[in-house]
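Hi,

Here is the structure I promised to pass on. My notes follow just below it.

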Amino acid sequence: MRKSIFLSLTAILISSLLIVLFSKQAHPTKNERSSAKITVDKRAPNLTGKKISLEETRLNNRYSTSLRDTKGQDYNVYVLALQDKRWIAGPDDVWAGISEGDEIFEGDYQIGIQPTNESSVYLQDVKMKDYQYNKTRNMIFTLTLSKHQPNFLFFSTREASVSEGGPAYYLKDGKLTKATFFEEGETSQELSFSSRPKPIGNNNIQLINYWNGGPIGWEFSTYQFNKNSGTFIYKGSKFYIDNDSSEGEQVAKQWNNFPSFFVETPQSKKEVLGF
């Protein structure tokens, strides 16, 4: 009799515990509700443009890299040949922009972007017509400001014996977008430089231009990127020209040899050069 009563009480106790447990799971406490984590599905923006396979992409690819967009999403980016020719520079091709033995691609190109979680590539409207890509000299290159800013893709071309330049692109809302450069009241879609721009903190980049005729010397220029407008805004320069050109050459060597080294740029290009 006692054994039967004990078993009955045990069964009732277990049933009560199960009811409390399931009730707690169905109705969490205030503290449990406040500590629950919300998982956000971070997906790439909807992409537009013709979709092609990764196999076709690799067949026509001339350059590839990865870029981070304005929202921190990573993509693979490809420069694809629409039609081009490849050649190796010979002795008769040599000038400031080409050395003997350089591998050259020349023709028309289109850009494709690929979310890292997809196997398809989306062709962009951006096209480079009659572009000469010196692969040996890495004339297509990227620039990274910081992990909180987008990366930039430069299509550079040798413009003269002392300078190169070209447009810069970044990813915004799933599209490759051309950055602009605002300087002394004028807007441009290309940047020129003798030494390629490098990040110096606070969304700033700095570059060097060498002036080899009226005046002669060195200019260190700083630009700050505004993510909202997609514009690099000119902040100032520092000039070492004419009698100071020798000092400027030494500063330029230090600038090129040490990635963290930069020059304070308190001067105005218009006030110093007149333009």
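Which backbone oxygen does the side chain of Gln 110 reach? It is that of Gln 124, at 2.9 Å, a polar contact (a pair of N or O atoms within 3.5 Å; within protein, one must be able to donate a hydrogen and the other to accept it, and residues adjacent in sequence count only if both atoms are side-chain atoms).

Before you go further: this is a predicted model, where local features need pLDDT of at least 70 and side-chain atom pairs count only at pLDDT 80 or more, while totals for chains, interfaces and linings use all residues. Residues are numbered from 1 along each chain as its sequence is written, and side-chain values use heavy atoms, leaving out hydrogens and water.

Gln 110 sits in strand β4 (residues 103–115); strands are DSSP runs of E, at least two residues, numbered from the N terminus. Gln 110 counts as buried because its relative accessibility is 11% (buried means under 20% relative accessible area, with a 1.4 Å probe and protein chains only).

Ile 140 touches Tyr 131 and Phe 155, among others, not counting residues up to four places away in sequence (contact means heavy atoms within 4.5 Å).

Best wishes

Definitions and conventions. Helices (H or I, at least four residues) and strands (E, at least two) are DSSP runs, numbered from the N terminus. Buried means under 20% relative accessible area, exposed over 50%, partly exposed in between (1.4 Å probe, protein chains only).
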